[in-house]
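Please have a look at the model first.

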Amino acid sequence: MTAPLVIGPYHGGEIPPSLTVIFDDSAGNPISLTGFTATFSYRSYGGPWITRTAQVDADQVLNKGQVHYTWVAADFSVSGYFEAAMLVSGGS
């Protein structure tokens with residue numbers, strides 16, 4: 001699991017730009033995520049975790065290690081600070 005991201009504050013209904021997270025190895029080099037799937041989990045502080053599908057970048061040669069999540073209006077039905085984590089699993 002990646003370290004939690006602190007995002008916000010945002011107003012109810014506000015949609016921030018898409019998130020891109022790059023997964024690196026211990027030397028700081030992006031790792032290939034070919035064959036991996038990704039999820040994005042978030043919550044307002046103290047609230048329940050919500051998990052959505054994220055997208056591993058299809059081009060793992062030019063965009064190695066990149067995973068994207070595009071927000072939707074339902075993600076921000078309340079105002080305040082949020083915490084989140086991008087997760088990948090699988091692989092070859």
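Let me begin with Trp 71, which counts as buried because its relative accessibility is 6%, where buried means under 20% relative accessible area, exposed over 50% and partly exposed in between, with a 1.4 Å probe and protein chains only. Before I go on, please keep in mind that this is a predicted model, in which local features need pLDDT of at least 70 and side-chain atom pairs count only at pLDDT 80 or more, while totals for chains, interfaces and linings use all residues. Residues are numbered from 1 along each chain as its sequence is written, and side-chain values use heavy atoms, with hydrogens and water left out.

Now to the overall fold. The chain has 6 strands and 0 helices, both being DSSP runs numbered from the N terminus, with helices defined as H or I of at least four residues and strands as E of at least two. Buried residues account for 28% of the 92 residues. If we take contacts, meaning heavy atoms within 4.5 Å, between residues at least 6 apart in sequence, 66% of them join residues at least 24 apart.

Next, the aromatic rings. A pair of aromatic rings is described by the distance of the centres and the angle of the planes. Here, rings of Phe, Tyr and Trp (its six-membered ring) pair if their centres lie within 6.5 Å, and planes under 30 degrees apart count as stacked, over 60 as edge-to-face and the rest as tilted. How many aromatic pairs does a search of the whole structure find? The search finds 5. In one of them, the rings of Phe 40 and Tyr 69 have centres 4.6 Å apart and planes at 20°, so this pair is stacked. It links distant parts of the chain, with Phe 40 in strand S3 and Tyr 69 in strand S5, 29 residues apart. Phe 40 is buried, at a relative accessible area of 0%, and Tyr 69 is buried as well, at 3%. Phe 40 also forms an edge-to-face pair with Trp 71, at 5.2 Å centre to centre and 85° between the planes. Taken together, ring pairs link Phe 40, Tyr 42, Tyr 69 and Trp 71 into a cluster.

Not counting residues up to four places away in sequence, Val 67 touches a list of residues including Leu 19, Phe 23, Ala 54, Met 86 and Val 88.

Gln 66 lies in strand S5 and is buried, with a relative accessible area of 17%. Lys 64, by contrast, is placed in the loop between strand S4 (50-56) and S5, and counts as partly exposed at 38% relative accessibility. The C-alpha atoms of Lys 64 and Pro 30 are separated by 5.7 Å, although these residues are 34 apart along the chain.
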